[in-house]
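Hi,

Here is the structure I promised to pass on to you. Could you open it and keep it beside you while you read the rest of this email?

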Amino acid sequence: MQLLVHSVSVDLNNDASLVIDIPDALCERDKVKFTVHTKTTLSSFQKPEYSVQRQHEDFIWLHDTIVETEEYAGLIIPPAPPKPDFEGPREKMHKLGEGESSMTKEEYAKMKQELEKTVQVHEVFLQRLSSHPMFRKDRNFQIFLEYDQDLTVRRKNAKEMFGGFFKNMVKSADEVLISGVKEVDEFFEQEKNFLLDYSSKIKDATAKAEKMTRSHKNVADDYNHISGALNNTAADNNTAFKKHLEKCAEVFEKLRKVEDRMASDQELKLTELLRYYTRDIQAAKDLLYRRARALADYENSNKALDKARLKGKDVAQAEENQKQCLQKFDKLSESGKKELTSFKARRVVAFRKNLIEMTELEIKHAKNSVSLLQGSIEILKSN
Amino acid sequence: SNDAENTAAHHRNTLQFNTYSHRKQLFSVCVTLSEATEEVSLDSPERQPILSDGPSPVITPVTPVMISSRADVFDRSPDQDEDEEENRDTFDIQISVSDPEKVGDGMNAYMVYKVLTKTSLSIFSRDEVCVKRRFSDFLGLHSKLASKYMHMGYIVPPAPEKSIVGMTKVKVGKEDLSSVEFVEKRRSALERYLLRTVKHPALLKDPDVLQFLESSELPRAVSTQALSGAGILRMVNKAADAVNKMTIKMNESDAWFEEKQQQFENLDVQLRKLHASVESLVCHRKELSVNTASFAKSAAMLGNSEDHTALSRALSQLAEVEEKIDQLHQDQACADFYLISELLGDYVRLITAVKGVFDQRMKTWAKCQDAQVMLQRKREAEAKLQHANKPDKLQQAKDEIREWEGKVQQGERDFEQISKNIRREVGRFEKDRVKDFRVVIIKYLESLVHTQQQMIKYWEAFLPEAKAIA
């Protein structure tokens with residue numbers, strides 16, 4: 001069975017020369033296939049428009065190759081999209097494939113919601129890359145967008161080459177190293193303090209938002225059960241009251257739809273926003289970490305140079321090493337400053353956009369609820 | 001302003017629902033019933049059970065005088081038939097149970113409630129009476145009413161359930177939210193219980209009911225083996241034995257009873273399912289409230305941490321909106337509970353009482369059958385003695401035959417009477433059920449409308465704040 005979903009586009013395409021979106025996704029058994037659609041005026045591309053099928057693992061491959069590229073050390077690497085979470089629905093889809101019963105309305109709706117979420121987050125990843133002056137020129141990014149065959153073979157080769165070494169390194173020691181570094185630059189000192197604090201707060205807010213959304217969905221489910229129970233009761237009653245009960249069951253069913261939509265819109269706009277920025281903050285911290293490492297390397301190279309001068313051995317080598325370390329550190333500091341500044345701007349814009357959209361949707365759904373309820377009350381009163 | 005109240009009450013069948021914003025305040029649910037219900041036929045055979053002592057040895061009626069001076073009520077005896085009109089005469093009574101007060105300390109402590117009755121009915125000695133009652137008093141009242149009326153086929157509203165866990169918390173003196181909620185839940189249940197009881201035309205005039213509502217001192221009900229849902233089920237099971245011995249009279253009348261009994265079985269199952277779904281809703285709504293409050297705090301912390309000024313302010317505003325929404329969820333959860341969940345719970349218990357009444361009829365029939373069997377035996381015995389030349393014994397046999405003939409007649413009369421009563425009671429019950437649900441559903445939907453309208457207000461106020469992020 002296939003399920004088509006059209007994307008909830010969070011449009012980061014601010015430059016018409018390279019426009020990417022994910023117009024739909026297919027959910028087949030236990031795989032999600034994203035349609036990546038590219039429109040470009042850049043000469044580096046072979047065609048002005050592409051549409052390719054990509055799986056989640058392809059995105060991860062792309063992310064990993066970018067992380068492990070030394071050249072990008074001074075940039076905030078857009079966080080990898082999380083794996084699509086289809087635990088329950090996947091099982092059901094599997095059963096469907098083997099000719100079992102059909103999916104209930106609710107299961108279908110949940111699946112659709114999950115797809116919406118995952119499309120959004122995969123799309124944002126690509127748009128972050130396309131809107132960045134350096135990433136958009138990345139060779140692997142281009143391959144990702146235009147190679148019209150399966151990327152599986154390439155992925156396997158890449159894994160063997162890099163083995164995820166850098167990733168593990170970065171994850172393990174960042175907090176300690178960042179806090180331990182003696183910072184002379186006011187800007188980075190402030191950023192460090194801000195990111196460390198903000199990181200824990202946003203993680204917490206994400207968790208709380210997730211719980212809130214889940215409760216909201218539970219309430220919607222309860223409306224569904226109440227509707228069913230009312231219908232059962234209606235089956236046995238005398239005529240006039242039967243109609244009344246059936247009408248009530250209908251009201252609850254409609255309420256369920258609205259509540260469900262409210263909950264999932266809140267999830268898309270608020271919870272997903274917070275989730276995304278939790279990851280993005282981590283990416284920013286990773287940058288600070290890389291810079292801190294570079295600083296530590298520079299300080300070590302200074303010590304090594306002093307030692308060499310004392311001993312009178314390998315001085316030229318040590319001097320060269322120290323020069324390179326300094327260069328690297330300066331480069332990271334310079335691009336890091338730019339990245340962190342634009343990060344703040346980007347964050348503010350995203351929050352603003354999502355908060356406005358969420359609020360407008362909440363208002364819209366609440367108004368729908370009110371008119372639905374008032375209409376039903378009129379009918380029930382007149383009966 | 002008694003007139004104004006009466007008129008308002010007369011044309012209003014409302015379930016008012018006042019909420020206070022303060023979390024610890026109690027919610028008051030005042031049920032006002034203003035429509036008249038059918039009058040009970042007060043022919044003499046029936047009057048007997050109402051005025052007799054009945055199996056309630058603990059109470060000595062305080063003012064027997066009260067009954068005779070209200071003779072005018074008992075003179076009225078409108079006739080009953082199956083499809084009666086509702087008598088829109090002066091049925092007007094408001095009862096509220098309020099101001100729970102803890103008396104005493106430790107495990108001997110108990111709650112006392114104020115019971116306020118406002119009425120223009122003449123059977124009451126005053127327009128407004130206020131008395132203090134404790135939970136066991138209510139159970140005692142129900143016990144008496146059940147023993148007097150159930151065997152006649154009247155559906156006696158069940159008393160609220162006992163709760164050892166709930167009461168222990170209160171006794172031990174925990175002032176926390178769950179004890180407060182428990183007391184409020186009980187107060188509301190007691191109020192609904194009294195209102196249902198007086199809504200029953202026969203029970204309204206019962207001297208025990210009147211005494212309960214008016215008498216300032218009430219002798220302590222010692223053995224309150226109240227006929228709770230569980231109690232009635234036990235009774236039902238005993239009656240089931242009688243059913244097994246019954247030879248079924250297959251006529252139209254019995255078909256009606258069979259059909260109705262099946263309907264109530266089905267309704268029982270359906271209502272329990274519905275009740276369970278609503279209870280789940282209440283639970284999840286409360287969880288939503290807690291999680292919303294928790295998120296609000298977290299959003300506020302995030303706002304504090306945010307270094308971009310405008311965004312920081314917007315996040316703080318978001319936190320405030322979510323806090324207000326939390327309060328909305330709490331209020332809605334209360335509506336979920338008091339309007340729908342508790343009502344459904346009441347009806348589940350009421351249906352148990354209805355089933356009990358059907359089984360009483362079975363018991364009555366069985367008794368009737370037994371009497372007939374006995375009569376037959378006595379006749380056979382007499383026939384044998386005809387040829388035995390024992391004049392004394394023959395006379396005794398003849399006397400016994402007469403005795404049992406009388407019992408058979410009485411049994412048949414009782415059976416007819418209980419069948420008639422049940423038909424009427426069921427008719428009344430169905431009407432009330434439909435009316436209650438109609439009213440409550442509308443009230444509930446209106447509460448949902450209110451919640452959504454508030455949400456719109458809050459989000460519309462937040463929107464400019466979100467747009468102001470620059």
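Below is what I found, chain by chain and then where the chains meet.

First, the ground rules. This is a predicted model, where local features need pLDDT of at least 70 and side-chain atom pairs count only at pLDDT 80 or more, while totals for chains, interfaces and linings use all residues. Residues are numbered from 1 along each chain as its sequence is written, chains are lettered from A and ligands numbered from 1 in the order in which they are written, and side-chain values use heavy atoms, with hydrogens and water left out.

Let's start with chain A. It has nine helices and four strands; helices (H or I, at least four residues) and strands (E, at least two) are DSSP runs, numbered from the N terminus. Along the sequence the pattern reads β-β-β-β-α-α-α-α-α-α-α-α-α. Of its 383 residues, 52% count as buried, where buried means under 20% relative accessible area, exposed over 50%, and partly exposed in between (1.4 Å probe, protein chains only).

Helix 4 of chain A (residues 139–146) is worth a look: six of its eight residues are buried. Among them are A:Phe141, A:Ile143 and A:Leu145. At the start of this helix, a side-chain oxygen of A:Asp138 comes within 2.9 Å of the backbone nitrogen of A:Asn140.

Most residues other than glycine have a negative phi. A:Asp314, though, has a positive phi near 50 degrees, and it is found in the loop between helix 8 (239–311) and helix 9 (315–382) of chain A. B:Asp99 also has a positive phi near 50 degrees, but its place is in strand 3 (residues 93–103) of chain B. B:Asp99 is partly exposed, with a relative accessible area of 45%.

Staying in chain B, find B:Glu430 in helix 13. B:Glu430 counts as buried because its relative accessible area is 16%. Its side chain makes a polar contact with the side chain of B:Lys260 at 2.8 Å. (A polar contact is a pair of N or O atoms within 3.5 Å; within protein, one must be able to donate a hydrogen and the other to accept it, and residues adjacent in sequence count only if both atoms are side-chain atoms.)

UniProt, in an unreviewed entry, lists residues 394–421 of chain B as "coiled-coil region"; its positions are given in the numbering used here, feature names are shortened, and annotations may be inferred rather than shown by experiment. In the model that span is 100% helix and 0% strand, with its end C-alpha atoms 40 Å apart.

So where do the chains meet? 49 residues of chain B are in contact (heavy atoms within 4.5 Å) with 59 residues of chain A. Together they bury about 5100 Å², 70% of it on carbon and sulfur atoms; buried area is the accessible area (1.4 Å probe) that two parts lose on being put together, summed over both. The interface has six salt bridges, each a side-chain nitrogen of Lys or Arg within 4 Å of a carboxyl oxygen of Asp or Glu. One joins A:Arg347 and B:Asp307, with the closest N and O atoms 3.4 Å apart. On the chain B side, helix 11 (252–305), helix 12 (309–386) and helix 13 (391–467) each supply at least two residues. Helix 11 gives the most, with 21 residues.

Happy browsing!
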